[in-house]
Amino acid sequence: MRQGHRKDEPEAPIISAKLAKAVANPWRARILRELSTRPMSPSQFVEEVGGELTSISRCFRQLAEWGYVEVVETRRGGSRRGGVERVYANVQRAHFDTESFERLPPYLLTDMLRNWVERFLGRLGNAVETGTLQSEGATHLSWDIPTLDRQAWTELTDRLEELLESLPRLEAEAAARLAESGGEAIPATVALAAFRSPPQPGTDAKP
């Protein structure tokens, strides 16, 4: 299993239980998601997203200790009344390779996967509500439930990993074209998934 690893990024060390909890915890996972779009402070997060400031500030500090975020700006004065507002930004993406996943305790793996699925479904739901899901003529959304043997399963997962590893090249080429001649930048969400189907009563029906 590979989750969000990109070939052009430095390999992450084998993760500890503490680091796994960084993305298993819903608030820390949400912080990483929000910081992937722009820097923000704990107070901004509470104002825009929610949570209790003391708890959210602790989550930001933990992510900084584990090397996922860093302070990029310190604000003083104004309405802060002598306090200090620290603005954080992402340092690296949370990604785990096959070897890392195999070392995770089952309960942590379940929590992490549940959190990722909830985040993706939330993003998909927002795309439906705002109309961006159907705004591009080439939008692709499909799923199937084939029955495979071990060889076919291995070939399928290898192909998915090849596609994932092609994304940095596509991004770099797009960035070069946009910088040279302009054009429309299309923010995209790409989701790849292949898993053993859960047991179902009766016969599964394809969509």
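Predicted model: local features only at pLDDT ≥ 70, side-chain atom pairs only at ≥ 80, totals over all residues.
Follow the chain from the N terminus, and the elements come in the order α-α-α-α-β-β-α-α-α.

The chain has 207 residues, and 23% of them count as buried. As for contacts between residues at least 6 apart in sequence, 62% of them join residues at least 24 apart.

**Stop one: the aromatic rings**

How many aromatic pairs does a search of the whole structure find? There are three. Select W27 and F45 to see one of the pairs, with 5.9 Å from centre to centre and 75° between the planes. That geometry is edge-to-face. Colour helix α2 (residues 26-35) and helix α3 (residues 42-48) as well: W27 sits in helix α2 and F45 in helix α3, so this pair ties together parts that are 18 residues apart in sequence.

Are these two residues buried or partly exposed? W27 has 34% relative accessibility, so W27 counts as partly exposed. F45, with a relative accessible area of 0%, is buried.

Next, select F60 and Y88. Their rings form a tilted aromatic pair, 5.0 Å centre to centre and with 50° between the planes. Here the link is between distant parts of the chain, 28 residues apart: F60 belongs to helix α4 (residues 53-65), while Y88 belongs to strand β2 (residues 84-90). F60 counts as buried at 0% relative accessibility. Y88 is buried too, with a relative accessible area of 6%.

Now show W27, F45, F60 and Y88 together. What do these four residues form? They form one aromatic cluster, in which W27 is partly exposed and F45 is buried.

L121 lies in helix α6, which covers residues 106-130. Its relative accessibility is 49%, and the cut-off for exposed is over 50%, so L121 counts as partly exposed.

Note on methods
Residues numbered from 1 in each chain as written. Heavy atoms only, no water. Phe/Tyr/Trp six-rings, centres within 6.5 Å; stacked < 30°, edge-to-face > 60°. Helix = DSSP H or I, 4+ residues; strand = E, 2+ residues; numbered from the N terminus. Buried < 20%, exposed > 50% of the residue type's maximum accessible area, 1.4 Å probe, protein only. Contact = heavy atoms within 4.5 Å.
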